[in-house]
Amino acid sequence: MPDSEMRLRKQIVKLKELRAADTEELAQLRDDVQGLLRAVNQLTLENQQLRNELTEPRGRLRVLPGQPMPPSPR
């Protein structure tokens, strides 16, 4: 087998190994993206719920006997 063919075969093996590593890394990155999307969606939902709580009218507070009066809203 000529020397040039041996070098090319070694290069092919190395390129296949690199391709396999890239495929594995790409799969991991895709999984990471899905996890991040779930986190963003959860945080967006929680943020919207908190905003809704801030804009909703609040119910009246009742002071129980023996409890200090809460500060009035400004």
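**Ends, helix and salt bridges**

Reply: M1 is exposed, at a relative accessible area of 64%, where exposed means over 50%, buried under 20% and partly exposed in between (1.4 Å probe, protein chains only). This is a predicted model, in which local features need pLDDT of at least 70 and side-chain atom pairs count only at pLDDT 80 or more, while totals for chains, interfaces and linings use all residues. Residues are numbered from 1 along each chain as its sequence is written, and side-chain values use heavy atoms, with hydrogens and water left out.

Me: Which residues does M1 touch, not counting residues up to four places away in sequence?

Reply: M1 sits in the segment before helix 1. Contact means heavy atoms within 4.5 Å. With residues up to four places away in sequence not counted, M1 touches M6 and R9.

Me: How far apart are the closest N and O atoms of R7 and D3?

Reply: A salt bridge here is a side-chain nitrogen of Lys or Arg within 4 Å of a carboxyl oxygen of Asp or Glu. R7 and D3 are both in helix 1, four residues apart, about one turn of the helix. D3 is partly exposed, at 48% relative accessibility. R7 and D3 form a salt bridge, and their closest N and O atoms are apart by 2.9 Å.

Me: Which residue forms a salt bridge with E5?

Reply: E5 is partly exposed at 32% relative accessibility. The closest N and O atoms of this salt bridge are 2.8 Å apart, and the partner of E5 is R9.

Me: What percentage of the 74 residues in the protein do buried residues make up?

Reply: R9 is partly exposed, with a relative accessible area of 48%. Across the 74 residues of the protein, the buried share is 0%.

Terms used: Helices (H or I, at least four residues) and strands (E, at least two) are DSSP runs, numbered from the N terminus.
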